[in-house]
Amino acid sequence: MSFVIRPATLADIDPMFAITCAVHQTPLYKKLIPASSYARFLERYIPSKKRREAFIQKIKSRLSDRHWHLWVAEEDGAVRGFTFAHDAGEELELRGLFVDEAYQGRGIGKRLFEISCEVAHPDQTITLDVLRANEHAIGLYERAGFHTVSEVPPTYYGAPMIRMQRH
């Protein structure tokens with residue numbers, strides 16, 4: 001591994017926004033999101049000043065809240081991926097994991113996922129929601145000891161989701 005995982009900072013917000021927009025426009029999501037909702041889904045991730053400002057406010061809020069944990073994967077001085085988790089008391093909620101498409105398959109996502117899980121207290125249940133058709137992600141989570149506990153209503157742009165957890 002030539003990348004480093006470190007806590008996210010305010011300086012990471014712009015590359016995090018770019019990765020979020022780019023990842024959601026990859027062919028994977030065309031497979032995961034129903035055709036009837038795909039155009040609306042894509043529109044949400046087209047970079048714009050309004051969306052960037054909303055993203056900045058969301059990440060700033062999370063960076064200043066001790067219940068949120070945010071990390072980035074950095075390589076050659078550039079952010080290649082990021083993740084965040086929310087400490088909700090009895091549960092640690094894994095709330096996002098994104099890796100630049102050009103850097104996928106190199107262990108970055110797996111390591112970001114692992115570091116998110118590492119902050120859980122011994123008595124916490126770790127939960128996450130994932131698109132039911134995202135077999136690659138589900139396989140990673142199952143190998144890490146997660147199991148499906150329920151369907152998650154409502155669906156994400158018409159794509160069914162499941163909730164997984166690990167004690």
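What we are looking at is a predicted model, in which local features need pLDDT of at least 70 and side-chain atom pairs count only at pLDDT 80 or more, while totals for chains, interfaces and linings use all residues. Residues are numbered from 1 along each chain as its sequence is written, and side-chain values use heavy atoms, with hydrogens and water left out.

Let me begin with the salt bridges, where a side-chain nitrogen of Lys or Arg must lie within 4 Å of a carboxyl oxygen of Asp or Glu; by that rule there are twelve salt bridges. One of them joins Arg6 to Asp12, with the closest N and O atoms 2.7 Å apart, and Asp12 is buried at a relative accessible area of 4%, where buried stands for under 20%, exposed for over 50% and partly exposed for what lies in between, with a 1.4 Å probe and protein chains only. Another connects Glu53 with Arg52 at 3.2 Å, N to O, and here Glu53 is partly exposed at 35% relative accessibility, as is Arg52 at 29%.

A further bridge, between Glu114 and Lys110, comes out at 4.0 Å from N to O. Both residues lie in helix α5, residues 108-118, four residues apart, or about one turn of the helix; helices here are DSSP runs of H or I with at least four residues, strands are runs of E with at least two, and both are numbered from the N terminus. Salt bridges link Lys110, Arg111, Glu114 and Glu118 into a network.

Turning to helix α3, residues 35-44, which of its residues are buried? They are Ser37, Tyr38 and Phe41, and they cover an arc of only 120° around the axis, which puts them on the same side of α3, the arc being that of the directions from the helix axis to the C-beta atoms. The face turned away from this buried side carries the exposed residues Ser36, Ala39 and Arg40.

Next come two buried strand residues. Thr125, in strand β5 (residues 125-131), is buried at 12% relative accessibility, and its side chain makes a polar contact with that of His167 at 3.0 Å; such a contact is a pair of N or O atoms within 3.5 Å, where within protein one must be able to donate a hydrogen and the other to accept it, and residues adjacent in sequence count only if both atoms are side-chain atoms. Trp71, in strand β2 (residues 68-75), is buried at 8% relative accessibility.

Finally, the aromatic rings: a search of the whole structure finds 13 aromatic pairs. Phe82 and Phe98 form one that is tilted, at 5.1 Å centre to centre and 40° between the planes; rings of Phe, Tyr and Trp (its six-membered ring) pair if their centres lie within 6.5 Å, and planes under 30 degrees apart count as stacked, over 60 as edge-to-face and the rest as tilted. This pair links distant parts of the chain, with Phe82 in strand β3 (residues 78-87) and Phe98 in strand β4 (residues 91-99), 16 residues apart. Phe82 is buried at 0% relative accessibility, and Phe98 is buried at 13%.
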